[in-house]
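Student: I have a structure to go through. Can we take the labels one by one and check each against its cut-off?

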Amino acid sequence: MKKRFSFVCIYLCLLTLLLCGAAELLAPDKGERLSESENRMLAAFPALSVKSVADGSFMSGFETYLSDAFPFRDGAAAFTDAVTDLVRIPDDGPATGEMEDALWDDLEEQEAAFQQLLEEGRAAEEAQSGPGPETSAEDEALPVAPADVEDVHIWLVRADGEREVIFTYPADFMVSLSEILNRYRAKLPEDGRLYFLSPQVADVANNIIGKTKYVGWGTDLVDVLQPLVDDGVVIVDDLAILDPYLNDAPSPLYPTKDYHWHAIAASITADALISSQGLAPADYDQYRYWLSFRHEAKDYSTEQLAGMSYNRETIEIMSAISPAESYFLNNITERKRGVFTMYEGGYVGFLGGHKGPWRLIEGGFHTGRNALVMGDCFTIPFIPYMAPYYDQIISTDVRDNFYSVYLAGANISDYIAHYGVDDIYMMWTNNYLFANGTISSRMSAYLDMSY
Amino acid sequence: MVFSSLTFLLIFLPLLYILYFVGRSPRWRNGVLLAMSLLFYGWGEPLWILAMLVSTFANFFCARALTRTEDERRRRAILAVGVVFSLSFLFYFKYSAFFANSMAKLLGLSWSTADKRLPIGISFYTFQILTYTVDVYRKKAPALESPLRLLLYISCFPQLIAGPIVQYADVADQLEERRILPDEFTAGLQRFIKGLAKKVLLANVCGAAIEQMTLAGNGEALSLLGAWLSMLLYSLQIYYDFSAYSDMAIGLGQTLGFRYKENFRFPFASLSITEFWRRWHISMGSFFRDYVYIPLGGNRRGTARTVLNMIVVWALTGLWHGAAWNFVLWGLYFCVLLIVERFLLRDLLTRLPKLLQWLWFYVMLSFSWPIFYYTDLSAMTQGFVALFGVGISGLSDPAALAVLRSYGIWALGAFVLSLPVVPYVSERLSEKLRDTLGLILTLLLFAASLLFLIGQSYNPFIYFRF
């Protein structure tokens, strides 16, 4: 009886495997699909041909398809994370000595203080005028694009040269965005520039890096958007900048498990922007050589910073840093020195992360120019590469968790005027900006809102 | 194809069992097994099947020729042809670039040649082919009548690409006919699931931890904590990776009616390096003992000759693991330790308390991992001396601490399970309780492994490169 029970159980295991395999093979939809939670295209059933079998690409594609098409994939990933987190010792900072402890204690205080400020700010906003200027794409009717304005596409380039469009953004949105960019441009001096770029996240890049199916990526963003904007607004093709380096960079451009980009990808992008201005970009390795920084008389090497991790993978966003000082700016604490590292929910940022809601970075180089960097977390590793070219950089992130109208205390135009901003760098990953109208609504609303 | 891939688990394995058990005749089952084994091997790189076929058929004809003559000189010549033919394949793919580049360096030439792409599992199946020809030569087993039967022995998928190295004489009878009882099938699948869990839940997690440390280290000097943590994690990864594969191979073999010998017996519980090599990769040790060491004279020709034979065997053992000087050094490192234990420390070690014996063993073993891990000699030296605190960046570093936080409990669990704790506990349970817990554990491990496999992307088998 007992043995028969074991026998039945083991057969049930086999039956499970068989049913899962059959379900995957018999699934009606074998094409590529977008995984919204991962922001990447899931693999399609690979094309079967003599060539693809001989070179093994069918088999590797089949394996990826099975993995991507597995019915309970998200649940499995959640289970894996839950189990690994269960045996993870709670993270209370690097604890490598008293100085580190002091640094991280300070950081935790700042994090807690900011969260409290944020809550107070929101309460104050609602008390003063009801809900803030939150608007969404649905609330505002987009201007209708003229007939000659096309949709914007982002595509992957297959090994055979064919383009495979993975994202399409409507022309109407591009017209709306161009109007916002022009309004920001108008706040700058005549010789000022507004650079707009929209990097792709790791999950898109990792369709190409180390893979054979796709060999590159591209977009017609510049073709569509550049004609719509005023002089002094430069639409940057970030995909073209990174394309040659995707499989040929000194170190990986993107992590495999995390969403963000590595410092080197930010560095390559920054270098291209600096070069386009006729300036000589500093070598990436030179940054690493130059830059460790001091906190309370303690040196932190770039390696120590680089060692911090997220989701069990090292994110090398902090290995480049300029000899800068970072400050939080807000309506309550005004200017407060920030620690350089910010460990926020496992995500390691630096130069104060996104908190503030405004941040000021003093580069220590007297170039006579100041800049505003606005965008999501991709700006964090980007800013240090711009620091040597500006006296001061102010930075903000208008996403919900990082911005409070009340704490800002002034509109974006006021900040631009107060800090004498010459250039603006706007950097939003596509899924924040294009796929979610909230960000553009906020960019528009916060620019000139009255206080 | 790897055992821990979804293709294998969801498609190949169920399909194999359906086809295998749908017919009862040995001929049908051998045919199914051969076809599926070739599919298994060809999945990914089908052209490499040709290399295996050529080597197999060449040795088939050599073995047939051996049965047709009793003239010892001719028999030796035929044996030499078969052995040289098989080894030349291995040499060409695995060692030609290494020896050519080493020679060029020695002669001060700037010329170099690129490594060849290595047919998967070539080190394993070459040795199996050799055991066939040699066993027929030694008349330990009869030559096979059919080349397809020999191909089945060589390509039989459970042990094809990462062992255990199955000696022909051990399975000659099973190639003809196998009896599969339901209980054995159940036990075989349980063993397979155990191996799958070791691979997915332990080896892969240790591997991910090492990957994180390597990325964070970025080629810079290790801290003392980082050096020891890397070493511990790597030793656990390689043990679980390889022993898991052996468990899966043995389990799958059992479900198909084959009886493979054990390949690992809790090697980290050894009390000396000598004992370690009786417990670690046993099939490889047996191969070198039976087909190299003993033919060289073993230990029966005096101390000097014994030492020389050991040096030859351990240099070859090192080279078998990879075409690089660090592997040779790694083999010779163990050779020195075995000689020291055999001729100098044997009595002393046995008189020590067991804990001290174990510490001797474990510390000596630990020093071997940097030699094995780093193929670059300067990195190897750096990694090795870092264990002694030389050239380190400090006592600890954030990367090592982050890994310790994330994987410390996991690694500790993996280390405890690498010792014979489970058998110790199991022996103290009643049979009923043991069986019930065993079954529950198997089912839980199966579910967890499947979920981990789908939820994680890190899944390479280290031993495939050998």
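Tutor: R191(B), K198(B), D247(B) and E262(B) are linked in a network of salt bridges. Keep in mind that this is a predicted model.

Student: Why is the contact between D247(B) and K198(B) called a salt bridge?

Tutor: The cut-off is 4 Å from a Lys or Arg nitrogen to an Asp or Glu carboxyl oxygen. The side chains of D247(B) and K198(B) meet at 2.7 Å, N to O, so the pair qualifies. D247(B) lies in helix α10 and K198(B) in helix α9 of chain B, so the pair ties together parts 49 residues apart in sequence.

Student: What makes D241(B) and K199(B) a salt bridge?

Tutor: Their N to O distance is 3.1 Å. That is within 4 Å, so the label holds. This pair also links α10 and α9 of chain B, 42 residues apart.

Student: How do you know whether D241(B) is buried or exposed?

Tutor: Buried means under 20% relative accessible area. D241(B) has 0%, so it is buried. K199(B) is buried too, with a relative accessible area of 0%.

Student: Why is R279(B) called partly exposed?

Tutor: Its relative accessibility is 21%. R279(B) forms a salt bridge with E275(B) at 2.9 Å, N to O. The two are 4 residues apart in helix α11 of chain B, so about one helical turn separates them.

Student: What makes α10(B) largely enclosed?

Tutor: Of its 32 residues, 28 are buried, so the rest of the structure largely encloses α10(B).

Terms used. Residues numbered from 1 in each chain as written. Chains lettered and ligands numbered in written order. Predicted model: local features only at pLDDT ≥ 70, side-chain atom pairs only at ≥ 80, totals over all residues. Heavy atoms only, no water. Buried < 20%, exposed > 50% of the residue type's maximum accessible area, 1.4 Å probe, protein only.
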